[in-house]
Amino acid sequence: MMEVVVNSSEQFIINTDKDSVSDYSLKVASHSKSAVIFTVEGSNRATFNLNVKVEDSADFTLLVINHNNEELEINEKYDLFGYSNSVIAHAELNGFNTVVNSEYNLKEQGAFLQVQTASLTAGKVKFNQNCVHEAGNTEAHINNYGVVLAHGLCDLVVKNTIVKGAHGSSTHQTSRLLTYDKSAVGKILPILYIYDNDVAASHAASLGQPDNDQLYYLQSRGLTYGEALKLIVIGYLLPITQVINDEELENRLKEEIEMKVSEGCSM
Amino acid sequence: MPTLKIENLHVSVENKEILKGVDLVVNPGEIHALMGPNGNGKSTLLMTIMGHPKYTVTEGSIYFGDQNVLEMSVDQRSKAGLFIAMQNPQEVPGVTNSDFLKAAVNAHRDEPIKLFQFIRLLDKTIEEVGMKSDMAHRFLNEGFSGGEKKRNEIIQMKLLKPSLAMLDELDSGLDVDALKVVADNVNELYRENNMGMIIVSHYERFYELIKPTHAHVLVNGRIVKSGDHELAKKIDAEGYEWLIKEQNLVVEQEEVVKRAISLGSCAANQRGKAE
């Protein structure tokens, strides 16, 4: 287990060729502002376990980029304390099987969470997300955007719970999957468990192939069908770049998304 | 500009015939006003010329010069110089205007445009149509007002410089000042390129700003009357009633599709749209 106290920006490389199981525990210091990037790379089946405690009034951004060329399981748990602000992003663009099990606990009043995932799936990707508002006046936004390529499968199970007594909390989830063709499979299961009255909760989900009217619109300006489709697919995945408050990293991720879409959409 | 020649065009949507034998010739520099009651095939004609897959041509031909338009894909039609400013431009979340417009400009060029050159061209065009400079970085038409969407259509038209532009109710959603800006830009492009145009509008005010050389009335999927700008003025003043009597026509009513809606929040939203 690697234990790290975070109070500034840090980058970690998880090399699956060295360790098949990696355990990290992060403590994000109170009132600090920090951004952490985990890049998973290598060519072995692996498990990455991550425990994060975000202390009160901390401003925290975490990005996990999966470049592993084999199956990966990620188990992550976040405990978010009073008036902390956390943005958690996952970029799943590698085309291999991945399971991400996420637990988000908003433990004290004022905790804010935004989750943003982008997945380009050629294999099988599953997100199991469980967000629990344990205290009042907490807020969570979980946004999953994915494109499922031919013969791929993407499965999203998103559960938001507001416990009894967590007055004034709001919890929202949006899941959107674009299936590339008829052989691509997308599944979305949105779940809301609400045990208090004075709250706001919503879910939105959409699943389907690219919109013909959008494709026609782009084609009518001279883009071929393939070019129009790529633009729409990139558009599905780019929102993740907007949550990263680092221009260099944002551009790097944007370039990676464009490159992966070019590779994936010409398959 | 090549001449657009449409002969005996029959078009169906989901096995319902909408156009029932349209003939139309648009020569370079001609501006054709296309009028007619709602649901009689005006937008269908424009969308078919541009190649929307929903519209099936069952009979007839469309030639642009010596090119058989019906054998061309949508993007090939654009590259050949055809352009449609749509009545309801699509919103494409995640795709910035800037990325889309650059891709569109490059699709019409042999060599990709240099980034600096493109930015300068885009900034200038955005200013000319009176939009805010941040539109370039916003997602394509997402969250745009009706007027902004229409101005964005004009930005695209100015960047692509078509030989034949089809404007489908471009004036709807525009206030008086915006209408003038849009019309000035269309007129400038018309003068520069000797562009042909087909304009669908219900309002003489727009035809006063972009003066048509020809006018046609489309009823029940056929052009039943052709003339010049005076015809558009007469229809604006007197409506279609005189024409319907003169031609002894029975106007087929537009079908209103009603969907069964179940109760619940999504149904409430659907009801809101339907109303």
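Biologist: Which residues of chain B have a pLDDT below 50?
Modeller: Chain B averages a pLDDT of 88, and 92% of its residues score at least 70. One stretch falls below 50, and beyond near neighbours in sequence it has four contacts in the model. Where pLDDT is low, the predicted coordinates should not be read in detail. The stretch to treat this way is residues 260-275 of chain B.

Biologist: Thanks, I'll bear that in mind. In the open sheet of four strands in chain B, which are the edge strands?
Modeller: The strand order is β2-β1-β4-β5 in chain B, with antiparallel pairing. An edge strand pairs on one side only. In chain B that describes β2 (16-26) and β5 (67-68).

Biologist: And which residue of β4(B) is the bridge partner of I6(B)?
Modeller: Strand β1 (residues 4-13) of chain B runs antiparallel to strand β4 (residues 56-64) of chain B, and seven bridges join them. Strands of a sheet pair through backbone hydrogen bonds, either parallel or antiparallel. For I6(B), the bridge partner in β4(B) is I62(B).

Biologist: Nice. At about what angle does helix α1 of chain B run to β2(B)?
Modeller: Helix α1 covers residues 42-50 of chain B. This helix lies across β1, β2 and β4 of chain B. Its angle to β2(B) is about 75 degrees.

Biologist: Are α5(B) and α6(B) roughly parallel or roughly antiparallel?
Modeller: The axes of α5 (residues 146-160) and α6 (residues 176-193) of chain B come within 11 Å and cross at roughly 10 degrees. Angles under 35 degrees count as roughly parallel. Therefore α5(B) and α6(B) are roughly parallel.

Biologist: How do the residues of that contact of α5(B) with α6(B) divide by class?
Modeller: On the α5(B) side, the contact includes I154(B) and M157(B), and on the α6(B) side V182(B) and L189(B) are among the residues. Charged residues such as K150(B) and R151(B) of α5(B) take part too. The division is six nonpolar, two polar and three charged.

Biologist: Last one: how many nonpolar residues are on the side of chain B that touches chain A?
Modeller: There, 22 residues of chain B are in contact with 18 residues of chain A. In chain B, α2 (74-79), β7 (92-96), α3 (97-107) and α5 each supply at least two residues. Six residues on that side are polar and two are charged, and the nonpolar ones number 14.

Note on methods. Residues are numbered from 1 along each chain as its sequence is written. Chains are lettered from A and ligands numbered from 1 in the order in which they are written. This is a predicted model: local features need pLDDT of at least 70, side-chain atom pairs count only at pLDDT 80 or more; totals for chains, interfaces and linings use all residues. Axes are lines fitted to C-alpha atoms, for helices over the stretch in contact, and angles run from 0 to 180 degrees between N-to-C directions. Angles under 35 degrees count as roughly parallel, over 145 as roughly antiparallel, 65 to 115 as roughly perpendicular and the rest as oblique. Two residues are in contact if their C-beta atoms, placed from the backbone, lie within 7 Å. Two strands pair if DSSP finds at least two bridges between them. pLDDT is the predictor's confidence in each residue, from 0 to 100.
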